[in-house]
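Here is a short report on one protein chain. Please look at the structure first, then read on.

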Amino acid sequence: MRLFSMILLSAVAGLVFADPEVDRLLEAEEGPVGVVFEIVEGEEDALRWALPEVARLSARLRERFPDLPIAVVTHGREQFGLLANEADGPLADIHGRAQQLRAEEVDLHVCGVHAGWDGYTPEDFPAYVDVSASGPAQIRDYRNIGFVLIELERPDP
């Protein structure tokens with residue numbers, strides 16, 4: 001019975017995380033020019049749930065559209081989980097996931113403006129993270145070349 005409960009809970013969690021926009025893209029005859037995931041959260045460890053979700057959705061999309069360009073723009077407090085000085089600390093798992101996404105050719109951007117508000121510069125982030133001048137402007141640039149925007153939000157507990 002316990003195993004059944006765990007399977008049922010996993011299925012329900014999958015439904016919570018399922019993104020109707022991704023489903024819509026997968027049902028289309030042609031793939032989009034690209035996809036940009038937007039993350040804006042208030043907690044530095046939010047990338048702990050968000051980056052695995054990006055990886056899951058990206059895998060689904062690339063199963064259907066193998067050469068699909070994918071990017072992530074993170075421009076809330078969660079972007080500070082990607083500071084270089086966090087790479088070996090309690091947020092190391094976030095850095096590992098970020099590096100894995102980069103290895104899978106997913107571009108990862110943080111917001112330079114927001115970083116600057118807290119006194120950080122591009123040099124405070126590791127090389128596998130692109131510090132865009134502005135997160136919203138980076139998203140606009142992607143959308144201007146035809147990328148589909150998918151906003152990720154933390155699921156309700």
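## Burial and overall fold

A residue counts as buried when its relative accessible area is under 20%, as exposed when that area is over 50%, and as partly exposed in between. F147 has a relative accessibility of 10%, so F147 is buried. The model is a predicted one. In the protein chain, 43% of the 157 residues are buried.

Six helices and five strands make up the secondary structure. Their order along the sequence is α-α-β-α-β-α-β-α-β-α-β. Take the contacts between residues at least 6 apart in sequence: 78% of them join residues at least 24 apart. The chain exposes about 8,700 Å². Carbon and sulfur atoms account for 54% of that area.

## Helices α2 and α3

Two packed helices are described by the angle between their axes and the distance between the axes. Helix α2 spans residues 20-27, and helix α3 spans residues 47-64. Their axes lie 10 Å apart, at an angle of about 5 degrees. Angles under 35 degrees count as roughly parallel, so α2 is roughly parallel to α3.

Which residues in α2 and α3 meet? From α2 come V22, D23, L25 and L26. From α3 come L57, R60, L61 and R64. The residues of this contact divide into five nonpolar and three charged, with no polar ones.

## Aromatic pairs

The structure holds two aromatic pairs. In one of them, F80 and Y120 have ring centres 5.3 Å apart. Their planes stand at 40 degrees, so the pair is tilted. This pair links distant parts of the chain, 40 residues apart. F80 sits in the loop between β2 (70-74) and α4 (92-103). Y120 sits in the loop between α5 (112-117) and β4 (130-132). Y120 has 30%, so Y120 counts as partly exposed.

Y142 and F147 also form an aromatic pair. Their centres are 4.7 Å apart, and 45 degrees separate the planes. This pair is tilted. Y142 is buried, at 9% relative accessibility. F147 is buried as well, at 10%.

E41 lies in the loop between β1 (35-39) and α3. Its relative accessible area is 19%, so E41 is buried. What does E41 touch, not counting residues up to four places away in sequence? The list is A46, W49, G76, R77, E78, L152, E153 and R154.

P32 is in the loop between α2 and β1. With 16% relative accessibility, P32 is buried. Neighbours within four places in sequence aside, P32 contacts L25, F65, L68 and V148. L25 is also one of the α2 residues that meet α3. P32 and V148 are 116 residues apart in sequence. Their C-alpha atoms are 6.9 Å apart in space.

E105 is in the loop between α4 and β3 (106-111). Its phi is near 60 degrees, a positive value in a residue other than glycine. Its relative accessible area is 61%, so E105 is exposed.

Key: Residues numbered from 1 in each chain as written. Predicted model: local features only at pLDDT ≥ 70, side-chain atom pairs only at ≥ 80, totals over all residues. Heavy atoms only, no water. Axes fitted to C-alpha atoms, helices over the stretch in contact; angles between N-to-C directions. Helix = DSSP H or I, 4+ residues; strand = E, 2+ residues; numbered from the N terminus. Parallel < 35°, antiparallel > 145°, perpendicular 65-115°, else oblique. Contact = heavy atoms within 4.5 Å. Nonpolar A, V, L, I, M, F, W, Y, C, P; charged D, E, K, R; others polar. Buried < 20%, exposed > 50% of the residue type's maximum accessible area, 1.4 Å probe, protein only. Areas by Shrake-Rupley, 256 points an atom, 1.4 Å probe, with all protein chains shown as cover. Phe/Tyr/Trp six-rings, centres within 6.5 Å; stacked < 30°, edge-to-face > 60°.
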